[in-house]
Amino acid sequence: KEKELDWRRLFHILRSEIWLILGSLTAALLAAYLNVKIPLCLGDFVNILSDVVKNSEEFLLARFKEPSIRLLTLYFCQAACTFAYISLLSKMGENIAMKLKCDLFNAIMKQDIAFFDEIRTSTLVDCATSDVQEFKSTFKQCISQGVRSIAQITGGFFSLFVLSPTMTISILVVVPVVILIGTSFGAILRAISKEAQEQSLKACTVFEESVGNMRTVRAFANEDIECMKYKEYLQESQKLNAKLGYGIAAFQAGTNIFLNSLVLGTLCLGCHLISMNNLKPGDLMSFLVATQTIQRSFANLSLLFGHVVKGKEALKRIFYYCDLIPEIPVAGGIILDDDKFSPSILFEHVTFSYPTRPKQHILKDLNLLIPAGKTVAVVGPSGNGKTTLANLLERYYDVNSGRILISNENIQHLNPKWLRGSVIGIISQEPVLFATSVKENIRYGKPTASDQEVYEAAKQANADEFIRSFPDGYDTVLGERGITISGGQKQRIAIARALIKDPSILILDEATSALDSESEKIVQKTLEEVSRNRTVLIIAHRITTVQNADIIVVLNKGEIVEMGTHKALCAKKGYYWELMNQPQNNNSRGY
């Protein structure tokens with residue numbers, strides 16, 4: 001069931017901006033009051049002119065001086081109030097938008113990895129940009145147009161009643177019927193608007209995925225297919241938005257017909273009352289201008305109605321993501337003392353399935369001991385749970401049953417921030433580098449690290465030499481995802497990033513599988529050097545990268561089918577032997 005908007009939370013956010021809100025409200029109400037007052041002053045001006053003409057008096061500037069000065073004063077005051085409320089609203093809107101974006105980003109950063117498995121990145125980006133902007137604009141318009149228009153309508157009707165009760169009652173008989181029709185029509189437009197937003201999001205998702213994965217698209221020569229797919233979504237979105245536009249146009253046209261007919265009817269009735277000496281010409285002038293003010297206010301409210309619907313839905317989406325509570329906290333728990341910590345790992349009767357595929361067990365009652373300071377390699381066909389071991393060790397997910405112990409302590413009791421930030425270092429197949437300098441990419445592994453620590457980590461990773469060969473050395477800015485450097489260089493920078501925090505446990509997840517043979521030799525040598533005196537978990541396809549491991553584990557369908565040294569497993573001529581003699585392993589070994 002779709003949740004309603006949390007108004008209490010909204011008021012809590014607005015409370016920090018209370019003085020800006022009160023200031024803008026005051027200025028907007030003053031502007032509305034002046035907009036109501038101006039027609040009355042215009043009426044006084046016309047009444048003086050009517051008296052001059054009626055009594056055949058000469059045009060005396062002195063008689064018009066006072067009302068002219070009064071009108072000019074009102075005009076300048078109205079301009080000052082308008083400047084004040086727009087300026088205050090702009091400041092307040094930016095403050096609220098920044099707070100919403102920060103709250104949203106903080107909430108997203110704390111979500112489980114399973115959350116990101118299920119939701120598209122484009123949805124989150126759209127929420128942080130379009131939805132925040134939509135709400136900001138709506139809230140500002142609610143004060144700048146909504147409050148002001150309501151005040152002008154209220155004050156306007158009061159002025160109309162003072163000027164001519166007869167004409168005012170005639171108007172009040174017709175208006176409620178039109179409002180009822182407009183409300184019903186608005187409900188239809190809301191449904192179309194929601195459908196159009198959903199379709200636009202689909203088109204946005206296709207755009208982001210295609211651009212973000214341009215290399216894959218280009219590799220399969222699927223540019224035309226992606227263009228066609230994007231065009232199909234855009235066409236559907238175009239139809240819905242066009243339908244919405246027609247509806248809004250019909251609504252606006254109907255509103256204009258009603259309001260203009262109202263003015264015409266007022267003019268006719270006013271002329272009749274003047275002929276019977278029940279109304280002055282200046283009062284009719286004031287009545288018509290006040291009616292026009294009310295007309296514009298109603299028109300603004302009708303336009304604002306659609307924005308309010310969109311803004312409300314946008315804020316509900318923002319609050320939805322802000323309110324999500326992760327099952328695995330990013331911080332909090334036990335931090336083991338260095339003298340008590342031992343980097344041993346034990347998988348004990350572990351059964352696991354991914355949240356997106358709950359019925360498919362990736363690991364089944366798995367038991368595995370990785371002694372402190374030893375190197376354990378896990379091999380096996382793709383899709384059999386090798387990378388899942390790394391994911392569970394990093395506690396991206398929690399096991400369905402069983403437990404994982406590090407230093408004889410259940411990792412569910414350990415502080416995840418300490419575990420990932422200090423104990424475990426991971427080097428994956430295709431590490432992501434950020435679009436910043438080499439130095440900051442390495443420092444990302446330990447934000448408090450000094451420049452000297454960065455240089456030492458790069459030297460350990462055999463990256464210092466080629467980094468210094470760059471035009472700006474460590475200050476060289478990398479392109480998006482680090483694609484301006486070679487695969488081997490990117491991998492060694494990633495190794496430096498993992499080493500800078502001096503982890504006790506190192507996870508090498510297919511760390512060399514994406515490299516050419518020359519780069520693989522360099523990176524493999526680096527990995528062997530940095531693995532000394534550490535507990536290492538190697539996940540690999542290529543047998544050449546695991547032959548020197550202390551223990552080799554063969555996984556098949558989520559279960560350990562063989563375990564031992566390279567020599568012992570070769571002698572068995574079982575699963576490991578078959579893997580070793582597969583074509584890709586033969587090629588990598590030079591057979």
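Lysine 136 touches Gly93, Glu94 and Ala97, leaving aside residues up to four places away in sequence; a contact here means heavy atoms within 4.5 Å. Lysine 136 sits in helix α5, residues 121-163, where helices (H or I, at least four residues) and strands (E, at least two) are DSSP runs numbered from the N terminus. With a relative accessible area of 11%, lysine 136 is buried, the classes being buried under 20% relative accessible area, exposed over 50% and partly exposed in between (1.4 Å probe, protein chains only). All this comes from a predicted model, in which local features need pLDDT of at least 70 and side-chain atom pairs count only at pLDDT 80 or more, while totals for chains, interfaces and linings use all residues. Residues are numbered from 1 along each chain as its sequence is written, and side-chain values use heavy atoms, with hydrogens and water left out.

Zooming out, the protein chain holds 19 helices and 10 strands. The domain assignment gives domain 1 (1-164 + 303-327), domain 2 (165-278) and domain 3 (342-581); such bounds come from an automatic or database assignment. Taken over C-alpha atoms, the centres of domain 2 and domain 3 are 54 Å apart.

As for overall shape, the C-alpha trace spans about 125 × 45 × 45 Å along its principal axes. The radius of gyration of the protein chain is 36 Å, whereas a compact globule of 591 residues would come out near 25 Å (C-alpha atoms; the globule rule is 2.2 Å times the number of residues to the power 0.38). Of the 591 residues, 45% count as buried. Among contacts with a separation of 6 or more, 77% come from residues 24 or more positions apart.

The UniProt record, an unreviewed entry, lists residues 18-36 and 69-89 under "transmembrane region"; its positions are given in the numbering used here, feature names are shortened, and annotations may be inferred rather than shown by experiment. Residues 18-36 are 100% helix and 0% strand, with end C-alpha atoms 27 Å apart. Residues 69-89 are also 100% helix and 0% strand, and their end C-alpha atoms are 30 Å apart.

Then there is an open, antiparallel sheet of four strands in the order β2-β1-β4-β5, pairing being called when DSSP finds at least two bridges between two strands. Strands β2 (363-370) and β5 (409-410) stand at the edges with a single partner strand each, so one side of each has no neighbour in the sheet. β4 (residues 401-406) pairs with β5 in the antiparallel sense over two bridges, and isoleucine 406 stands opposite glutamate 409 in β5.
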